[in-house]
Amino acid sequence: MKISINANRCEPSPMRKFHPLAVQAQKAGKKIYHLNIGQPDLPTPKAYLEAVRNFDQQTLAYEASPGAPELIDAIRKYYADLGVYLAPRDVLVTTGGSEALLLTCLSILDPYTEVIIPEPYYPNYTTFVHAAGGRIRALHTSPEEGYRYAYRKRIESLITSNTRAILITNPGNPTGVVLDEQEMRMIADIAKKHDLFLICDEVYREFCYDDKFGVPTMARYDDLDDNLVIIDSVSKRFSACGARVGCVITKNKELQQALLKFCQSRLSVATIDQIGAAALYSVDKGFFKASKETYRQRRDLVVSRLRQIPGVLVEEPMGAFYVMARLPVDDADKFQRWLLESFDDNGDTVMFAPGAPFYETPGKGINEVRIAYVRSIEELSRAMDLLAKGIARYQTEVMEA
Ligand SMILES: Cc1ncc(COP(=O)(O)O)c(C=O)c1O
């Protein structure tokens with residue numbers, strides 16, 4: 001028996017890689033401050049559970065393959081409030097943004113075709129692209145440049161006859177980079193000029209901390225209809241990751257048909273979760289304002305504390321709820337292992353996501369980490385304390401030993 005080449009080209013999730021060591025550390029009595037996974041901690045709006053509790057059909061039937069009509073309408077209304085008008089067929093409901101990405105890759109990639117992605121990027125992109133037989137062409141960025149990637153020459157230099165798409169995350173995970181108006185327009189123009197799909201993963205759209213960017217969405221450009229694919233999700237927007245509801249939005253008819261075939265083959269997204277998700281879209285806009293403010297305060301704390309650690313290189317992220325930083329250590333992977341196995345401060349230690357798996361290019365990101373600021377101010381403050389103490393001790397006990 002044989003495992004497929006495509007499966008063998010996928011990697012385990014770097015966010016979960018240290019889980020077994022974390023379990024051991026916990027068994028040994030350590031308390032771990034988890035900054036490694038982007039699981040929002042804010043309460044999910046009650047509307048979700050109320051709608052689910054009120055479900056009163058006798059049979060839990062399959063929903064329609066493209067999605068529950070009331071959820072599609074709720075999503076369309078949300079976009080209409082942003083000035084973006086969608087027909088019902090433009091929205092296909094998926095099991096999270098994850099399935100939206102996977103089905104998009106399966107629909108547009110052939111073996112050896114390429115997707116241009118700015119690195120560092122969300123590591124599961126590798127799985128989605130590789131599952132479809134495609135390849136990632138990394139668009140380089142650096143911590144010195146604040147991980148910004150919207151440079152026309154650099155992007156165009158990566159386009160070949162094999163290129164099918166440009167995939168961007170805006171606001172960015174792991175970097176928190178948010179594109180400004182000119183950068184968005186420039187990338188849109190490149191996609192149009194070279195006849196490429198532009199896949200915009202906008203699952204962090206609500207978390208943009210600088211008002212000058214507005215609510216970032218590529219969907220605002222109506223001359224991009226055939227190129228544009230928006231990846232969306234309720235996970236981060238409504239602090240509802242467990243709902244597993246997202247969608248793919250495109251006006252490209254051929255792509256809609258391709259996606260629909262995959263949607264039909266998996267029958268439907270969970271019926272009850274779609275009912276809950278539709279109710280989420282009725283929450284007051286104040287919910288977004290309040291959660292954004294909470295994350296902004298957390299970001300400010302984490303960035304200011306990182307800046308106090310000698311040798312750390314960090315740019316203030318403009319969006320999402322992550323910060324990417326370069327640490328004064330030889331290898332973030334080794335450092336994380338050491339923090340779990342050999343370090344504690346009064347029984348406490350800390351976890352982050354080591355940077356290398358966020359890069360396609362071998363050797364990059366070795367001493368970088370992604371920190372998810374999805375904990376309370378008190379917990380983040382303690383976690384930053386642990387990071388500072390950990391770095392100092394690691395430098396003397398390991399690097400200088
Ligand atoms: C950039 C990005 N896209 C997509 C997803 C998928 O999220 P979900 O499947 O929960 O919608 C995530 C989750 O962390 C993410 O960070």
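What volume does the second largest pocket have? About 370 Å³, where a volume is the space filled by probe spheres set on grid points joined across faces, edges and corners. A pocket here is an open set of points on a 1 Å grid over the protein atoms alone, where a 1.4 Å probe fits, with protein on both sides within 12 Å along at least five of seven lines; lining residues have an atom within 4 Å of a point.

This is a predicted model, in which local features need pLDDT of at least 70 and side-chain atom pairs count only at pLDDT 80 or more, while totals for chains, interfaces and linings use all residues. Residues are numbered from 1 along each chain as its sequence is written, and side-chain values use heavy atoms, without hydrogens and water.

Select Glu11, Thr126, Ala356, Pro357 and Tyr359: of the 19 residues lining the second largest pocket, these are the closest to its centre. Its lining comprises eight nonpolar, six polar and five charged residues (nonpolar: Ala, Val, Leu, Ile, Met, Phe, Trp, Tyr, Cys and Pro; charged: Asp, Glu, Lys and Arg; polar: the others, Gly among them). Colour domain 1 (5-43 + 286-399) and domain 2 (46-280) separately: the second largest pocket lies between them, because both give residues to its lining. The domain bounds come from an automatic or database assignment.

Next, select Gly38, Ser98, Tyr122, Asn124 and Lys236, which lie nearest the centre of the largest pocket among its 25 lining residues. This pocket holds about 490 Å³ of space. Its lining has nine nonpolar, 11 polar and five charged residues.

Finally, show helix H5 (96-108), which gives the largest share of the largest pocket's lining, four residues. Helices are DSSP runs (H or I, at least four residues), numbered from the N terminus.

Definitions and conventions
Helix = DSSP H or I, 4+ residues; strand = E, 2+ residues; numbered from the N terminus.
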